[in-house]
Amino acid sequence: MPKPKLTLVSMSGLRVGHEELLQRGLKLPGLARRASALSQLPPLGLLTIAGLVPETWDIELVLDDGATDEREVAERILLGTSSPVQPAVVAFSALTPSADRAARISEFVRRHNVTTVIGGLHATAAPEHCRPHFDVVVQGDGESTFAKLLADVTEGRLARSYQADGSFSLADSPLPRWDLLGEHSPPRYTIQSMRGCPWACSFCAASRMLGPARVKPDERFEAEMGAISSQKSRPWIELADDNTFASGRDHGPMLESLRRHGARWFTESDWRIANQPQLLSHIAESGCRQILIGLESNVFRYPGMGAKNADWQRMLEAVDAIQEAGIVVNGCLIVGADGETPESIERLGDFLEEAPMGEIQLTLQTPFPGTSLYASLLRSQRLLPGDFSRYTLFDVVYQPDQMTAEQLQSEFNELVGRVFRPEAQARRDTIQKRIRSSRRTLGNQA
């Protein structure tokens, strides 16, 4: 008798609702480069969950690019890519902007007597939105619940909901099933060194939705690095962390592991690492090429930012210190917070013409489900009608307090075109080259 089949579906792909914005900015070199890097990232959550699946199941992975016809994706799920056996269970992982697409694909798959499951941040934050379209909704850490879910499928007692309690220890993390990606290694690998964040910024759901902030023990991190290095020498790594250096752990062993394996890597942190020159030096020596630093908004300080809250000038001084250590700063900026006006957006554009950061990330304020920002805008009836496919970080989904929604979208589109035009990106590329050169000089002096 053949094994039952589990198909894991990753809903990936960059999503933008406004064609005007695509034409203006998202096809420009600077943005296209980052979009390409994101599209190369493997689905770490699903690959990790796959590491817990008993050998009594066959597993297949399907990657949805967000552009292929939905019926075609559903048929690929049902027909299989490596095994012609129809799956018994199809498990989706979807973020908010892809949740409605996942729901439509699930509805098609369910007509063929296949059980569908959804998990991840959106399912955790908005389970009632998911329940009509999936047989099972998993909330919280999937590692705590997925093995029981499969056992319940086998024994014919499947529940409609499974909810983790946030107690899962990253010491028990299985090795991700990189083999499910096929014969070709991905251009970039991902590792999670820390889940969650000690802060509770009002625009961020990840800091609280999956339970308290937890760090992965050094020996587990090293095991994952070893598994990746066995597949690819000198790998590109993105740490799938919300704020890698926010914990009080000793980061030395993790950084030494990255250095020893010859990794080149990217992560997210906050400006306060500039206060620790020895740590900053160790980060650079370990192969870090770029750190995304949340500068957030220049017109509004979001609640919940804790000790990372600082004035604009202090954060810019930190940017200089980080880049002087040989690490490119990707300055992450949110447009559209309360207090934003056409004039403030123009001033931001003026600033970015001369800003010191080697890279820029611009997004619109987006009130994702599960955040206090979402709850606040919902209470004040400022959320605009429409489904979650618009929650892309590039589309206005709420009523601004100083402009119309159409005006904010237009001003943001103009800003994107200005900031990512070829001449502006060329200036940032020059900054990056200078930082790389100084890193080599610092390395030769060490």
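Helices (H or I, at least four residues) and strands (E, at least two) are DSSP runs, numbered from the N terminus. This is a predicted model, so local features need pLDDT of at least 70 and side-chain atom pairs count only at pLDDT 80 or more, while totals for chains, interfaces and linings use all residues. Residues are numbered from 1 along each chain as its sequence is written, and side-chain values use heavy atoms, with hydrogens and water left out.

**View A. E296, a non-glycine with positive phi in a strand.** Start with strand β12 (residues 288–296), which is where E296 sits. Its phi is positive, about 60°, even though E296 is not a glycine. E296 has 4% relative accessibility and so counts as buried (buried is under 20% relative accessible area, exposed is over 50%, and partly exposed is in between, using a 1.4 Å probe and protein chains only).

**View B. Q381, a non-glycine with positive phi in a loop.** Here the phi is about 55°, again positive, and Q381 is not a glycine. Look for Q381 in the loop between α15 (372–379) and α16. With a relative accessible area of 73%, Q381 is exposed.

**View C. R110 and its salt-bridge partners E107 and D135.** A salt bridge here is a side-chain nitrogen of Lys or Arg within 4 Å of a carboxyl oxygen of Asp or Glu, and the structure holds 29 of them. E107 and R110 pair up at 3.6 Å, N to O. Both belong to helix α5 (residues 96–110) and are three residues apart, about one turn of the helix. R110 also bridges to D135, with the closest N and O atoms 3.2 Å apart. D135 lies in the loop between α7 (127–130) and β5 (136–139) while R110 is in helix α5, so this pair ties together parts that are 25 residues apart in sequence. How exposed are these side chains? E107 is partly exposed at 28% relative accessibility, R110 is partly exposed at 25%, and D135 is partly exposed at 21%.

**View D. The salt bridge of R177 and D179.** The side chains of R177 and D179 meet at 2.7 Å, N to O. R177 is partly exposed at 27% relative accessibility, and D179 is partly exposed at 46%. Elsewhere, salt bridges with shared partners link D350, E353, R418, R421 and E423 into one network.

**View E. Helix α10 against helix α11.** The axes of α10 (residues 218–231) and α11 (residues 252–260) come within 9 Å and cross at roughly 15° (axes are lines fitted to C-alpha atoms, for helices over the stretch in contact, and angles run from 0 to 180 degrees between N-to-C directions). In contact, meaning heavy atoms within 4.5 Å, are D218, F221, E222 and M225 from α10 and P253, M254, S257, L258 and R260 from α11.

**View F. Helix α14 against helix α16.** α14 (residues 342–354) and α16 (residues 405–419) pack at about 10°, with their axes 10 Å apart. That makes α14 and α16 roughly parallel to each other. Residues in the contact include I345, L348 and L352 of α14 and L408, L415 and V419 of α16.

Note on methods
Parallel < 35°, antiparallel > 145°, perpendicular 65-115°, else oblique.
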